Amino acid sequence: LQLEESGGGLVHPGGSLRLACTASGVSLDYYAIGWFRQAPGRGREMVSCFSDGTAHFSLNSRFTTSIRKAWNTVYLQLNSLNPEDTAMYYCAARAGSGNICREGGMDYWGKGTLVTVSS
């Protein structure tokens with residue numbers, strides 16, 4: 001399984017971005033997908049956990065997760081962004097289902113996509 005993130009970029013405060021995590025090699029039906037982020041000088045934190053068509057965890061109500069099964073892609077919609085959301089965003093996969101996303105327990109990781117929120 002390989003994961004590739006896309007959709008990051010520079011956005012003004014209050015703006016939105018949609019990140020994509022596309023998997024190749026195996027169907028995401030068998031995995032829980034976690035989105036994580038790491039801001040400069042800070043540890044990695046979990047943003048969302050998604051499996052079985054359900055978002056089991058979301059860091060806050062500004063972020064929503066969805067899936068397009070035909071494209072084997074999970075999306076992370078980021079709304080009302082502020083400078084504190086600036087970070088590298090990663091998606092990761094863990095075999096199984098449910099709310100099983102843990103930073104130390106994911107089986108596969110993408111390389112990340114950078115989100116910068118600045119005026």
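Mentor: Start with pLDDT, which is the predictor's confidence in each residue, from 0 to 100. The protein chain averages a pLDDT of 94, and 100% of the residues score at least 70. This is a predicted model, where local features need pLDDT of at least 70, side-chain atom pairs count only at pLDDT 80 or more, and totals for chains, interfaces and linings use all residues. Residues are numbered from 1 along each chain as its sequence is written, and side-chain values use heavy atoms, with hydrogens and water left out.

Trainee: Where is confidence lowest in the protein chain?
Mentor: In strand β6 (residues 54-58), with a mean of 89, while strand β11 (residues 113-117) is highest at 98. Strands here are DSSP runs of E, at least two residues long, numbered from the N terminus.

Trainee: OK, sheets. Which order do the four strands of the open sheet come in?
Mentor: The order is β1-β3-β8-β7, with antiparallel pairing. Two strands pair if DSSP finds at least two bridges between them. β1 (2-6) and β7 (63-68) each have a single partner strand, so one side of each has no neighbour in the sheet.

Trainee: And how many bridges join β7 to β8?
Mentor: Six, and those two strands run antiparallel. R68 sits opposite T73 in β8.

Trainee: What about N72, buried or exposed?
Mentor: N72 is in the loop between β7 and β8, and is buried, with a relative accessible area of 15%. Buried means under 20% relative accessible area, exposed over 50%, partly exposed in between (1.4 Å probe, protein chains only). A polar atom of the N72 side chain lies 3.0 Å from the backbone oxygen of V26.

Trainee: New topic: which residues have the most contacts inside the largest nonpolar core?
Mentor: W35, L76, L78 and Y89, in a core of 23 residues. A nonpolar core is a set of buried Ala, Val, Leu, Ile, Met, Phe, Trp, Tyr and Cys residues joined through side-chain atoms within 4.5 Å. There's also a second, separate core of eight residues, with A32, I100, C101 and M106 among them.

Trainee: Last one: what does the side chain of S51 make a polar contact with?
Mentor: The side chain of H56, at 3.0 Å. A polar contact is a pair of N or O atoms within 3.5 Å; within protein, one must be able to donate a hydrogen and the other to accept it, and residues adjacent in sequence count only if both atoms are side-chain atoms. The S51 side chain also reaches the backbone nitrogen of G98 at 2.7 Å.
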